[in-house]
Amino acid sequence: MSTLPGGTVTFVFTDIEGSTQLLQQLGDEAYGRVSGEHRQLVRETFGAQGGTEIDTQGDAFFFSFPRARDAVAAAVAAQRALHDHEWPDGREVRVRMGVHTGEPHVGEEGYLGMDVVRAARISAAGHGGQILISETTRALLGNQLPEGVAVHDLGQQHLKDVQHEHIYELTIDGRSLAGKPLKTEKPKSPEEDMGARFAERINTMVESQLESVFENLLKKRQPRE
């Protein structure tokens, strides 16, 4: 993993929306076929654009690209392939994708840092069939978008562990899920934030006092020599 390119890279996270429910509906054997076909489509389309598969777990993928435009082209090609594919039992397999560009640290076990977390959180905020991109990736794309692709501004969003991120949706051939709210966190008001901090301080004080009481009880119960 230490041979991965450093500098500016673009990450893409993908996963099947509702995979557990799909497994329950199809059963192990049919879902196995669906999962295999999904993996093949994603790997072929991402590999064709120069993507490097960093990790895969279950139905989720983590890819990196040296250029933002290649990452977006791969995500668009993958969504088209997934949309047009004939799935077993006529089921619809919907995959969400999140794209972010940054300058992560490259360690012995791969990429590290908040840019990786940011890309993963952007993906998790989406719905099946969506491609969500960060403001950084959007700026690098400029006007050079794949044919049939448009950009829809979803505004400032609050992501878990990341907080503020301006997110955009890439709509493909007129298909958009922009009407569905993203799976993001609701920002806390100043009063709610202050209340949460106060409650945390109270809990810490109570726990400290309980520990002190417990220690004193243990000391009293110890047999005297």
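The dialogue below turns to the nonpolar cores and then to the salt bridges.

Tutor: This is a predicted model, in which local features need pLDDT of at least 70, side-chain atom pairs count only at pLDDT 80 or more, and totals for chains, interfaces and linings use all residues. Residues are numbered from 1 along each chain as its sequence is written, and side-chain values use heavy atoms, with hydrogens and water left out.

Student: Which residues have the most contacts inside the largest nonpolar core?

Tutor: In soluble globular proteins, nonpolar side chains tend to be buried together. A nonpolar core is a set of buried Ala, Val, Leu, Ile, Met, Phe, Trp, Tyr and Cys residues joined through side-chain atoms within 4.5 Å; buried means under 20% relative accessible area, exposed over 50%, and partly exposed in between (1.4 Å probe, protein chains only). Here the largest core has 32 residues, and Phe46, Phe65, Val93, Met97, Ile131 and Ile133 have the most contacts inside it.

Student: How many salt bridges does the structure hold?

Tutor: Side chains of opposite charge can pair when their charged atoms come close. A salt bridge is a side-chain nitrogen of Lys or Arg within 4 Å of a carboxyl oxygen of Asp or Glu. The structure holds 6. One of them joins Glu165 and Arg118 at 2.7 Å, N to O.

Student: Are Glu165 and Arg118 buried or exposed?

Tutor: Glu165 is buried at 7% relative accessibility, and Arg118 is buried at 19%. In another salt bridge, Arg94 pairs with Glu92, with the closest N and O atoms 3.0 Å apart. Arg94 is partly exposed at 29%, whereas Glu92 is exposed at 55%.
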